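Welcome! Have a look at it first, and then we will walk through it topic by topic.

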Amino acid sequence: MIHYTIEELLENNQAWVAEKLALNPEFFNELGAGQSPPYLYVGCSDSRMPLTQYTQTEPGEIFVHRNIANQVSLTDINFLSILDYAIANLKVQHIIVCGHYGCGGIEAALEGNTTGLVDNWVNPIRELYIQKQLEIDSLPTREEKINRLAELNVIAQVKNLYQTSILRKCMRENNAPDIHGWVLNLKTGLIQDMQVKSSEWDLISPSCELEENVT
Ligand SMILES: [Zn+2]
């Protein structure tokens, strides 16, 4: 893998700008005019996870929130601000939660062998592992265990999204964006859609409707 120097990064930037302008002289004028991205991406901070490259999307197409092991934390004011802004102001039509195989955060949650703040951050995933321990421990290899927990984590984070007050409000008003749970295989570069059914997490239960009828 090439590791550029800082000077080379700036040279790369100039080359990229020249390339974009050659294709479309208005490219940066258009970017400067504002953003209306259709997608919010909730991904892992891992350096191998820039979704734009895997999906051949351009600046202006994906609004991004990334953290270790792509978690949707109901107490993370940074994430909740992004979610609220993406829905209320940018009016994104899709939210993509994308995890990946070989995730260091998932590994830390599964094996509990790091000695830093990451341990605290991935604790909800460790709880998830404990819930699903029978299934995960039955897998023959360490790699399969880590990858299965990465898949289950994506499903859990989609569920967490539906549990935010922001999404629940959208669901009541019937203008919720579509939510997708994806896992990227770094060994192939391919994305797998986990086909998470939104109805599974539908919190507009009869009791909620009753509550609305009463008020
Ligand atoms: Zn990761």
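A residue is called buried here if 20 or more other C-beta atoms lie within 10 Å of its own, exposed if 12 or fewer do, and partly exposed in between. By that rule Ala69 is buried, because 27 other C-beta atoms lie within 10 Å. Please keep in mind that this is a predicted model.

**The chain as a whole**

- The chain's secondary structure amounts to 11 helices and 5 strands.
- Along the principal axes, the C-alpha atoms fill a box of roughly 55 × 50 × 30 Å.
- Of the 215 residues in the chain, 27% are buried.
- Among contacts with a separation of 6 or more, 69% are between residues 24 or more positions apart.

- Helix H4 covers residues 77-88, which makes 12 residues. From its first C-alpha to its last it reaches 16 Å, close to the 16 Å expected at 1.5 Å a residue.
- Which residues of H4 are buried? They are Phe79, Leu83, Ala86 and Ile87.
- Looking down the axis of H4, these buried residues fall within an arc of 90°, so they line one face of the helix.
- The face turned away from that buried side carries the exposed residues Ile77, Asn78, Ser81 and Ala88.
- What do the buried residues of H4 pack against? Their partners are strand E1 (39-44), strand E2 (62-67) and H10.

- Ile87 is found in helix H4, and Cys170 sits in helix H10, which spans residues 165-172.
- Ile87 is buried, because it has 21 other C-beta atoms within 10 Å. Cys170 has 16 such atoms within 10 Å, so Cys170 is partly exposed.
- Not counting residues up to four places away in sequence, Ile87 touches Val92, Ile166, Cys170 and Pro177.
- Leaving aside neighbours within four places in sequence, Cys170 is in contact with Ile87, Asn175 and Ala176.
- Ile87 and Asn175 are 88 residues apart in sequence, and their C-alpha atoms are 9.4 Å apart in space.
- For Cys170 and Leu10, the separation is 160 residues in sequence and 42 Å in space, C-alpha to C-alpha.

**Helices H7 and H9 crossing**

- The axes of helix H7 (residues 123-131) and helix H9 (residues 142-162) come within 10 Å and cross at roughly 110°. The two helices are therefore roughly perpendicular to each other.
- H7 brings Ile125, Leu128 and Tyr129 to the contact, while H9 brings Leu149, Leu152, Asn153 and Ala156.
- Sorted by class, this contact has 6 nonpolar residues, 1 polar residue and no charged residues.
- Ile125, Leu128 and Tyr129 are also buried residues of H7. Seen down the axis of H7, its buried residues fall within an arc of 100°, so they line one face of the helix.
- The other side of H7 has the exposed residues Glu127, Ile130 and Gln131.
- What covers the buried residues of H7? The cover includes helix H5 (104-111), helix H8 (133-137) and H9.

**Two residues with a positive phi**

- Most residues other than glycine have a negative phi.
- Gln56 is not a glycine, yet its phi is positive, at about 50°. Gln56 is placed in the loop between helix H3 (51-55) and E2.
- Is Gln56 buried or exposed? Gln56 is exposed, because it has 7 other C-beta atoms within 10 Å.
- Ala69 also has a positive phi, of about 70°, although it is not a glycine. Ala69 lies in the loop between E2 and H4, and Ala69 is buried.

**A stop in strand E4**

- Ile179 has its place in strand E4, which runs over residues 178-185.
- Ile179 has 20 C-beta neighbours inside 10 Å, so Ile179 counts as buried.
- Ile179 and Gln93 are 86 residues apart in sequence, with their C-alpha atoms 8.8 Å apart in space.

How values were computed. Residues are numbered from 1 along each chain as its sequence is written. This is a predicted model: local features need pLDDT of at least 70, side-chain atom pairs count only at pLDDT 80 or more; totals for chains, interfaces and linings use all residues. Helices (H or I, at least four residues) and strands (E, at least two) are DSSP runs, numbered from the N terminus. Two residues are in contact if their C-beta atoms, placed from the backbone, lie within 7 Å. The expected span of a helix is 1.5 Å times one less than its number of residues. The arc is that of the directions from the helix axis to the C-beta atoms. Axes are lines fitted to C-alpha atoms, for helices over the stretch in contact, and angles run from 0 to 180 degrees between N-to-C directions. Angles under 35 degrees count as roughly parallel, over 145 as roughly antiparallel, 65 to 115 as roughly perpendicular and the rest as oblique. Ala, Val, Leu, Ile, Met, Phe, Trp, Tyr, Cys and Pro count as nonpolar, Asp, Glu, Lys and Arg as charged, and the others, Gly among them, as polar.
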